[in-house]
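This report goes through one protein model, from single residues to the whole chain. Please keep the sequence and the 3D view open while reading.

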Amino acid sequence: RGSREPCGACGVWRRGLCVCVREAFLFFRVNGMRTFGWAATVALAIGLAGAEKPDAVYAALAKKAASGDAQVDYRALRLACAAASACNARGDRDVLQAMRQAWRAGDPKKTVALAEKLIAAGFPQIEAHMLSAQAYDTLKKQAEAGRHKAIAEGLLRSILQSGDGKTKETAFEVIGTHEEYLTLAAMGLQV
């Protein structure tokens, strides 16, 4: 890319060669598998010259999504999170359990507080966005409920549109088992 062009995948302005996480993933498919871990390992191991640091790419995409930008690439956001040291998409197990318990106990304010903590640690935490949407709806804060619902739907849609899950060649692209379980639940399946 030219020296003053935005990345086509994530929209971040760069100088010199741009090879963001999304492009590395698309280039380094291993044996037809669509598992991001291989691509991240290869891309990071060879030290792509001029590539943005994964944390910077993730931060830019998370900021774009948090602002309500409808054009954000949720797939690129999830993949950037997987490569970034500053992102924990799975979330802290204790905080996740506490958030679920607060929701089951009928405490939407505590649910939101815990969900926001998870989102701050890893923006693509789909379950936190889903419960935030429900909790904000209960609290009659429709704008916040709608924002979190749109983000959760965008993240989940980016998984469902990545394949059909029927073969390894058409597998869903996920960044962890937590996304696998949420995807299966969204499809009405139980594990």
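T177 is partly exposed, because its relative accessible area is 37%, a value that lies between the 20% limit for buried and the 50% limit for exposed. The residue belongs to helix α9, which covers residues 177–186. Along the sequence, T177 and R90 are 87 residues apart, while their C-alpha atoms are 8.5 Å apart in space. The model discussed here is a predicted one.

**The chain as a whole**

The protein chain holds nine helices and zero strands. Read along the sequence, its pattern is α-α-α-α-α-α-α-α-α. The chain has 191 residues, and 42% of them count as buried.

Helix α7 runs over residues 126–138, and S132 is found in it. Is S132 buried or exposed? S132 is buried, since its relative accessible area is 0% and buried means under 20%. Apart from its neighbours within four places in sequence, S132 is in contact with A115, E116, I119 and H148.

A135 also lies in helix α7. Its relative accessible area is 0%, so A135 is buried. Which residues does A135 touch, not counting those up to four places away in sequence? They are W103, P108, T111 and V112. For one of these, P108, the separation from A135 is 27 residues in sequence and 4.7 Å in space, C-alpha to C-alpha.

K140 lies in the loop between α7 and α8. With a relative accessible area of 66%, K140 is exposed, because exposed means over 50%. K140 is not a glycine, although it has a positive phi of about 65°.

**A residue of helix α3**

K63 lies in helix α3, which spans residues 54–66. K63 counts as exposed, because its relative accessibility is 65%. Between K63 and F123 there are 60 residues along the chain, and the C-alpha atoms of the two are separated by 9.2 Å.

| Pair | Separation in sequence | C-alpha to C-alpha distance |
|---|---|---|
| T177 and R90 | 87 residues | 8.5 Å |
| A135 and P108 | 27 residues | 4.7 Å |
| K63 and F123 | 60 residues | 9.2 Å |

**Packing of helices α4 and α8**

Two packed helices are described by the angle between their axes and by the distance between the axes. Helix α4 covers residues 74–83 and helix α8 covers residues 142–160; they pack at an angle of about 80°, with their axes 8 Å apart. The two helices are therefore roughly perpendicular to each other, because angles of 65 to 115 degrees count as roughly perpendicular. On the α4 side, the contact is made by Y74, R75, L77 and R78. On the α8 side, it is made by A150, I151, G154, L155, S158 and I159. Sorted by class, the contact of α4 with α8 has six nonpolar, two polar and two charged residues.

**The disulfide**

How many disulfides does a search of the whole structure find? The search finds one disulfide. This bond is formed by C81 and C87, with their sulfur atoms 1.9 Å apart. The torsion about the S-S bond of C81 and C87 is about -80°, which means that the disulfide is left-handed. Both C81 and C87 are buried.

Methods
Residues numbered from 1 in each chain as written. Predicted model: local features only at pLDDT ≥ 70, side-chain atom pairs only at ≥ 80, totals over all residues. Heavy atoms only, no water. Helix = DSSP H or I, 4+ residues; strand = E, 2+ residues; numbered from the N terminus. Buried < 20%, exposed > 50% of the residue type's maximum accessible area, 1.4 Å probe, protein only. Contact = heavy atoms within 4.5 Å. Axes fitted to C-alpha atoms, helices over the stretch in contact; angles between N-to-C directions. Parallel < 35°, antiparallel > 145°, perpendicular 65-115°, else oblique. Nonpolar A, V, L, I, M, F, W, Y, C, P; charged D, E, K, R; others polar. Disulfide = S-S within 2.5 Å.
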